[in-house]
Amino acid sequence: MQTQLTNQKYLKERLNFFLTETTKKTPKNAKLNDWYVAFVNMLNDELIDLADVSEHNILNGKNKMVAYLSMEYLLGKLSRQSLLNMGVYESFKKAFTSYKVDLDELLKLEPSTQLGNGGLGRLAACFFDSLATLDYPAFGYGLLYRCGIYKQEIKNNIQVEKPDIWIEKQNPAIDKRRDIVYTVNFGGYVKKSSRLEDMVWMPSEAVKAFANDVLIAGYDTDNTLRIRLWEAERNDKSKPDLKKNITNLTDFLYPPDSTFDGRKLRLRQEYLLVSASIQDLFERFKKTGVSVDKIEKFLAVQLNDTHPTLAIPEIIKILMQDYNMPYEQAFEKMNKICAYTNHTLLAEALEKIDINLFKSELPYHFAIIERINEDFMNMAKRTVADWKLNKIEIINYRDNYINCGNLCIVATHKVNGVAALHSKLLKKKEFAVFSSLFPKKFTNETNGITQRKWLLESNPKLSNLITKTIGNEWVKDLTKLKKLLKYKNDENFLAKLEKVKMENKVAFAEFVKNELHIKISPNFIIDSQIKRIHEYKRQFLNIMQVIDRYNRIIDGDTKGMEAKVYVFAGKAHPSYTAGKEIITLINDVADVVNKDKRCNDLLKVVFVPNYNIDKAQMIISATEVSEQISTAGKEASGTGNMKFALNGALTIGTLDGANVEIRDNVGSKNIFIFGLNAKKVYNLKERGYDAQKYFNDNPRIQRIVEQIMSGYFCHGDTSRYKTLMESFFNNNDEYMLLADFNSYIKTQSNIDEMYKNKKLWLKKSLINIANCGFFSSDRTIKSYAKDIWKIKEIKE
């Protein structure tokens, strides 16, 4: 590990040097922002040196390396985590204190790195913290979005999307590499030949992709890894605007795909990511001195969801064109190199690309995919019944699309789900035919989170209590938290745990008061559902339950009810009208509830706008009840559930995603499970789910729906939630809110009852914390390394 930065004399000399060089100021006249600029540049300089050494070691010809391709990296702020991982946070704090500078205030100036939307991007960020900490040889690849997803504002209780040009602020996470640039081609035509290898692509358009590196420092190691992010050259210097036709490829994450131009831009984004990354990866591979004939023994490529699917034909193209491999050998090499992570059971998220669009943009790649499809279908026809073939074809000529999920399954050597239930459902239901054809291809790698971000950094009060009690081994080995179990009946320790939670609740209440102008009591139970807004995640069920609780209060039926504040946060995609109306409904209900004096002592509702990593860390630290209530069988894994449990919240949830494994690890008595399981959901759907019957049989549901439809919460506007309610009724309650409603309400009452016994509640909270060792991303990455990538720690 680096030790120079713990030397105060050396550290202050470096800070003074960078202060003078970057701002022309001295310690006597420097302001906080000047110190921030100096700090940014100094930290970046240190990380670059470490990353250069790590990359040299990775490419020395002794290591098999993994390249991780992902459209999202939801990194948040990185400086504090870098300092903690490098073991120099206290040293920097002391040095800045000598200059009368508060390090914590300085770190608030850092912009949050907005390169993701939800769990997919946050998982990738956690994985790289673990890859660096565990000394694995890895490179990340993604896109440097100028605006990320968008800045969410709530106006008249409606979500409004504004560009969030975070990248214009100086950011220590970004090392601009103008020495690394690749050409990415589009369009044109292919000079035909009887052999794929002899075809020649004549593109009509080229875009330059410029490299930018994010530097990830490992904990208690010098290993520092690069996530290389591509920025397209800008052909339009105007300010990004979501409502106008977007022409710059890396302005926004996930442009609206409701139009042809949007779908074209999405395809171009995905190919920009793949083409620049694979070109760069082969340049790095050349530095190893290893023959391309052995490439699969020295390189693994992980496709994080279907967005990087085009890596499959791209690798084949490069092997054929640059290394003169015949197609059959190029396909075999690619197959041994590439693996695919499936993140969803939702058909909408398994990408399908219009054939005509694809052929016009990437004609040579289409020819390669045609060959893959032809070879596969010829093989499948020998054993698969005709009526099943439509489910597994890569190119669907009838409906005119390429099925990216099917291509990934056919062409890669491993396909993994991200939770035990999810992987089981993939094999048994969604991809059952593929599973019968490739029984050894499917595997499970349950997601994880890095404790260094989601406990050490996020919740310093709790992490300090833990470290003082059992030592700090848990930071590198989360299973060491089991040592806490011997304190589960220790009243002194439980009192300290309660004090930590209360201090975090007070801090959150202050934030809500100052930023949202809502007064909440820290003595209320804090119950949170913070995640991407989607009907299957069932924020709608949660707010229905809140309305039911409100109705009980105005009816005077409050026996056994505990005081609660329900916290919501999350963004809906700009083109997802039903999701945006859920946000509006939550905010409308909040207005009514929070202004009704009858609710003052029992109920508050808070929607936190512009959800990001910083806000997640604050909310999770303060939360006591974690809402993980998706329809069973719909959530692949979830990682928010793990973060809440690690910080002592008790989960209320369905047996969906990783909730199943949380129950198995913390014990069924320490989690609140409700509703139908995945098998019962499937069986009920098969028998014929009748939502109308549930509606007719439940007056409480009828009252809630009538209130929503009549405009009770929005001054009589009966069309305010039109799309949401049409989706709900016309699709026969697709996500089965009504089937789970009674069980959900009853379980909420059980929570109220248990919370009255504070000692028991704190004991259960501690049991959750202590049994979260399994959910470390370190465990996940070790499993990927052993079972899929076949990589080991870096050999120098």
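**Exercise 1. Work out how strand 10 pairs with strand 11, and in which sense.**

Start with the ground rules: strands (E, at least two residues) and helices (H or I, at least four) are DSSP runs, numbered from the N terminus, and two strands pair if DSSP finds at least two bridges between them. Strand 10 and strand 11 (residues 224-232) are joined by nine bridges and run antiparallel. For a landmark, take Ile 216, whose bridge partner in strand 11 is Leu 225. Now look at the hairpin: six residues sit between the two strands, and Asp 220 has a positive phi near 60 degrees.

A quick note on what you're looking at: this is a predicted model, where local features need pLDDT of at least 70, side-chain atom pairs count only at pLDDT 80 or more, and totals for chains, interfaces and linings use all residues. Residues are numbered from 1 along each chain as its sequence is written, and side-chain values use heavy atoms, with hydrogens and water left out.

**Exercise 2. Find the strand that ten bridges join to strand 10.**

Go to strand 7 (residues 174-186), which runs antiparallel to strand 10 (residues 205-217).

**Exercise 3. Decide which residues of helix 23 are buried, and what covers them.**

Use the cut-offs for relative accessible area: buried is under 20%, exposed over 50%, partly exposed in between (1.4 Å probe, protein chains only). In helix 23 (residues 659-666), the buried ones are Asn 659, Val 660, Glu 661, Ile 662 and Val 666. Their cover, counted by contact (heavy atoms within 4.5 Å), includes helix 14 (420-430), helix 22 (640-646) and helix 29 (758-770).

**Exercise 4. Classify the ring pair Phe 92 and Phe 96.**

Rings of Phe, Tyr and Trp (its six-membered ring) pair if their centres lie within 6.5 Å; planes under 30 degrees apart are stacked, over 60 edge-to-face, the rest tilted. That rule gives 33 aromatic pairs. In this one, the centres are 6.5 Å apart and the planes 35 degrees, so call it tilted. Both residues lie in helix 4 (residues 89-98), four residues apart, about one turn of the helix. Phe 92 is buried at 1% relative accessible area, and Phe 96 is buried at 0%.
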